[in-house]
Amino acid sequence: MGTYLTGTLVENLADELFGRIGIAPLIADLPADVEVTLRHAADRKLLFVLNTDEDTVEISSLPAGMDVSPTRR
C-alpha cells in the first residue's frame with residue numbers, strides 16, 4: 001500500500017501521531033525559516049536557534065538561558 005503525501009497531509013498526520021505520544025516542538029510558534037536543535041550532556045543543555053532567512057525575526061518564547069552567540073543582529 002502506498003500514497004502520495006502532500007505537505008498538508010504530512011502536517012495533519014504528524015500533529016495527530018506526535019500529539020498522541022507527547023512529542024512537541026522545542027519552541028512553539030517558530031517562523032518557517034527558523035530551525036531549533038537541542039544537544040545535551042549530563043551537566044548542560046545547549047539550544048541552537050538558526051534563522052535561515054535573510055530577514056531578522058523576533059522569537060518571544062525562548063527559555064531562560066545565556067546567549068553565547070558571537071554577534072547578534
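Residues are numbered from 1 along each chain as its sequence is written. As the model is predicted, local features need pLDDT of at least 70 and side-chain atom pairs count only at pLDDT 80 or more, while totals for chains, interfaces and linings use all residues; side-chain values use heavy atoms, with hydrogens and water left out.

**Select the whole chain**

Begin with a cartoon view. The chain contains 1 helix and 2 strands, in the order α-β-β along the sequence. Helices (H or I, at least four residues) and strands (E, at least two) are DSSP runs, numbered from the N terminus.

Next, display the C-alpha trace. Its atoms fill a box of roughly 50 × 35 × 20 Å along the principal axes. The radius of gyration, taken over C-alpha atoms, is 16 Å, whereas a compact globule of 73 residues would have one near 11 Å; the globule rule is 2.2 Å times the number of residues to the power 0.38.

**Colour by confidence**

pLDDT is the predictor's confidence in each residue, from 0 to 100. Its mean over the chain is 86, and 96% of the residues reach 70 or more. Among the elements, strand 1 has the highest mean (93) and helix 1 the lowest (87).

**Show the surface**

The accessible surface, from the Shrake-Rupley method with a 1.4 Å probe, comes to about 7,000 Å², and 54% of this belongs to carbon and sulfur atoms. Buried residues make up 3% of the 73 residues. Here buried means under 20% relative accessible area, exposed over 50% and partly exposed in between (1.4 Å probe, protein chains only).

**Select Asp29**

Asp29 is in the loop between helix 1 and strand 1. Its phi is near 55°, a positive value in a residue other than glycine. Asp29 counts as exposed because its relative accessibility is 79%.

**Move to Asp33**

Asp33 is also in the loop between helix 1 (7-21) and strand 1 (34-40). Asp33 counts as partly exposed because its relative accessibility is 35%.

Which residues is Asp33 in contact with, leaving aside its neighbours within four places in sequence? They are Leu50, Asn51, Thr52 and Asp53, where contact means heavy atoms within 4.5 Å.
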